[in-house]
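Open the model in your viewer and keep the sequence panel beside it. The stops below follow the annotated sites one after another.

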Amino acid sequence: KPCVGVLALQGAFREHAASVTRLGAEAREVRQLGHMDGIDAMIIPGGESTTMGKLLVELGMLDPLRRRIEDGMPVYGSCAGLILLCREIENSDQPRLGVLDAVVRRNAFGRQVDSFETELDLPELGMPPFPAVFIRAPVLTGVGPRVRVLAEVKGQAVAVRQDNVLATSFHPELTPDTRLHRYFLEMCGN
Ligand code: GLN
C-alpha cells in the first residue's frame, strides 16, 4: 500500500491523514525533511499559505519537495495547499512550489462569504455532485494549457489536475465523502 505523506506543519492535516487511512493507504505526518524519505505521494493541507510557505523555507523543505514533484511524485493540495502549488499568486511574492501552471487569487470569495458549502459538479468523480466545503478559499483565475479543469464555481476553476499534480480550492477532508482522496490514491497507482 502507498505511503502518503501529509504535510503537518500547520492546518488541517489530521483530517487528510484520517481520510487516507480510511481508504487503506498509509499516512505519514511530514514535519521535517527526513520524513519525506520513502513517501510515495504528498498531501498539502489547507491552513495559511504564507505561514506554511515560510516554514517550508525555514525547514529547508521547499526545494527538495519541488524536486520530488518535478520528478513525478503525486501531490495533492487543498486550499492553502493549492495556493502553494501555483506558479503565480496574485499580489503576493510569498514562497511557493510553483509546479502548477496556474494563477491563483487568494480569499477570492470575499468577506461576506467567508465559508460555504456547495454541491459541486465534478464529472471526474461521477454522480452525485461533491459536497465541497470552501473556507476563505482561493480560485484559479488562469490556467496553462496542460492544466485540466475538473470543476468550476461561477466560471472559475476550483479543482484541477496537471499530470501528477491535483489541487482543489475546497476541503474534501472535512466531509465523509472519500471520492476525491480515492481519486488521488488512484493517481498514486493504487
Ligand atoms: N486563505 C488561506 C490562504 O490564503 C487559505 C484558506 C484555507 O486553506 N482554508 O492561505
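Two residues are in contact here if their C-beta atoms, placed from the backbone, lie within 7 Å. This is a predicted model, in which local features need pLDDT of at least 70, side-chain atom pairs count only at pLDDT 80 or more, and totals for chains, interfaces and linings use all residues. Residues are numbered from 1 along each chain as its sequence is written.

Center on C79, in the loop between β4 (75-78) and α4 (80-85). (Strands are DSSP runs of E, at least two residues; helices are runs of H or I, at least four.) Leaving aside neighbours within four places in sequence, its contacts include G46, I135, S169 and H171.

Is C79 buried or exposed? It counts as buried, because 29 C-beta neighbours lie inside 10 Å; the cut-offs are 20 or more other C-beta atoms within 10 Å for buried, 12 or fewer for exposed, and partly exposed in between.

Move to H171, in the loop between β12 (165-168) and α5 (179-187). H171 is also buried, with 23.

Now select G47, E48, S49, R106, I135 and R136, a "binding site" in UniProt's unreviewed entry. Their largest C-alpha distance is 12.9 Å. G47 is buried, whereas R136 is partly exposed, with 17 C-beta neighbours inside 10 Å.

Definitions and conventions: UniProt positions renumbered as here; feature names shortened; annotations may be inferred.
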